[in-house]
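Today I am opening my notebook on charged side chains and how they pair up. Come along and look with me.

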Amino acid sequence: MDSVDTLLSQLRARKDTVLTDQRRSLNGRGLVGEVEQLSSVLSRMGLSAGHAALIRMTNSIDSVVALLATMRCGAVAYVGNPYDPPERVIDTVTQFVPHFMLSDMSSALLTQARMGQHGAEVFSLEVETLCAVRFSVNARPLTDRFASLHGAGLAIFSSGTTGEPKAIMHALSSVFANARLHAEAIGLRPGDVVGCVLPVYFSYGLVANLLASLLTGASVAIHEKSATINGLWLEQQRVSVLGLTPFFAEQLNTCSPFLRLMTFGGDALTARTALSIMDRYPHCEHYATYGLTEAGPRVATWRLERGLFENHDIAPLGRPLRGVLLELRDADGRPTDHGELVVSTPTRMLGYVHGVERGHHMPDWPANEVHTGDIYQRINGEIFFAGRMKEIIVQSGEKIYPLAIELVIQSIAGVIDVRVDAASDPRKGQVARALIHADASVTPRAVRKALLQRFSSASLPDQIEFVESIPRSHTGKKVRRREEGAVS
């Protein structure tokens with residue numbers, strides 16, 4: 001069974017470059033030395049098993065060192081978004097009551113100033129870009145209601161349907177096992193250099209890119225900003241593997257002779273995007289990969305095949321990782337060809353943590369099952385994404401699946417991006433609204449004409465609006481009105 005000590009032991013034996021960012025590079029021994037040094041400092045400051053540390057995870061070697069050092073102390077590592085504004089950071093600290101926060105100095109000092117009576121002390125660390133905030137009021141171990149989660153290792157934040165943050169808690173050994181299974185499914189090699197372009201606070205970037213590489217002997221080139229990948233960086237770092245969301249894959253307009261493998265996850269991979277990628281990078285292997293944070297997070301992969309897109313607008317779910325079972329079930333829990341995807345996996349989460357006051361819970365699911373809330377349909381033996389339960393729009397009694405509408409609109413020449421969501425209506429209560437980013441050649445009439453070839457008039461969006469851009473998160477995912485954020 002993998003543990004952080006086992007990982008560090010494996011890394012110590014590596015003489016090659018293990019991590020590179022914009023500032024520096026480290027071989028295995030150098031990385032382990034920094035992790036051990038920082039964990040010793042944190043341990044002397046009071047961080048230990050039963051404690052929790054919030055880490056604002058930037059794409060940097062220093063953040064990776066902080067993560068591994070926290071794990072080595074036996075503490076729970078809460079993986080935080082470094083782009084969260086100060087008010088949200090304070091809310092997170094108040095709700096989840098970590099014992100430490102590891103972040104940049106300016107964020108630490110601002111947090112200290114805002115915390116007041118909570119006794120936030122700021123300490124410089126022997127890591128150039130990081131310092132620690134110790135919350136003295138939280139010097140005690142986690143309360144009894146967290147007893148079953150002691151030493152859990154990793155917690156990844158996700159906002160619920162109400163917008164209130166929760167943390168998805170995982171056993172460290174489970175996350176490591178999931179990372180290895182993903183590496184096995186895509187054929188990751190010890191000599192590969194993985195371009196870690198996605199944010200490492202994002203579960204796909206953290207587990208599928210960073211941890212999978214460290215655990216399987218590959219190296220990691222960390223890119224600070226996902227939107228500015230260039231050919232010079234790819235060639236200088238000899239990047240052979242890239243993991244991207246479909247949106248960022250569409251923006252990629254450069255290549256490298258070393259690139260051999262590309263994976264895509266975090267959002268639906270449309271035929272248009274997939275075919276464009278295969279045309280631009282014909283020498284690469286391409287994999288669509290599905291996951292959700294509750295499952296570990298990786299679940300399934302599918303190697304792209306051009307022929308399938310002659311009849312389908314979207315990549316299929318693909319083959320489950322070894323030991324994972326995928327089923328479609330109807331509302332009564334019976335097997336079906338069109339229903340909710342239920343995942344059975346040994347790397348399932350330990351539960352949701354809602355904070356110190358509300359504690360944690362595990363949904364009433366059978367052992368190892370995750371009920372995804374995603375609707376899929378089986379066609380000729382393959383399983384295809386149809387939509388998310390929480391995003392289904394009921395307009396005048398008709399169910400509208402936003403993704404189905406988006407796929408048709410995206411196929412129209414001149415359309416750049418599109419989002420379909422629900423809008424309030426004084427008579428109908430709820431109607432579908434299509435926000436479209438397109439050039440001047442696209443008109444509402446052209447959009448309706450294209451949609452009527454696939455859907456009845458009752459299933460068309462009631463509102464069509466043209467916008468200058470579609471809001472997207474730092475991971476490249478569309479920001480929807482009812483965003484849950486757990487799918488990765």
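I looked up the salt bridges and found 24 in the structure, a salt bridge being a side-chain nitrogen of Lys or Arg within 4 Å of a carboxyl oxygen of Asp or Glu. I keep in mind that this is a predicted model, where local features need pLDDT of at least 70, side-chain atom pairs count only at pLDDT 80 or more, and totals for chains, interfaces and linings use all residues. Residues are numbered from 1 along each chain as its sequence is written, and side-chain values use heavy atoms, leaving out hydrogens and water.

**Entry: Asp 62 and Arg 24.** I found this pair joined by a salt bridge, with the closest N and O atoms 2.7 Å apart. Asp 62 sits in helix H3 and Arg 24 in the loop between strands S1 and S2, so the pair ties together parts 38 residues apart in sequence. Helices (H or I, at least four residues) and strands (E, at least two) are DSSP runs, numbered from the N terminus.

I checked accessibility next: Asp 62 is buried at 2% relative accessible area, while Arg 24 is partly exposed at 21%. Buried means under 20%, exposed over 50% and partly exposed in between, with a 1.4 Å probe and protein chains only. I also noted a network of salt bridges linking Arg 23, Arg 24, Glu 34 and Asp 62.

**Entry: Asp 279 and Arg 306.** I found their side chains meeting in a salt bridge at 3.1 Å, N to O. Asp 279 belongs to helix H10 and Arg 306 to the loop between strands S15 and S16, 27 residues apart. Asp 279 is exposed at 52%, and Arg 306 is partly exposed at 41%.
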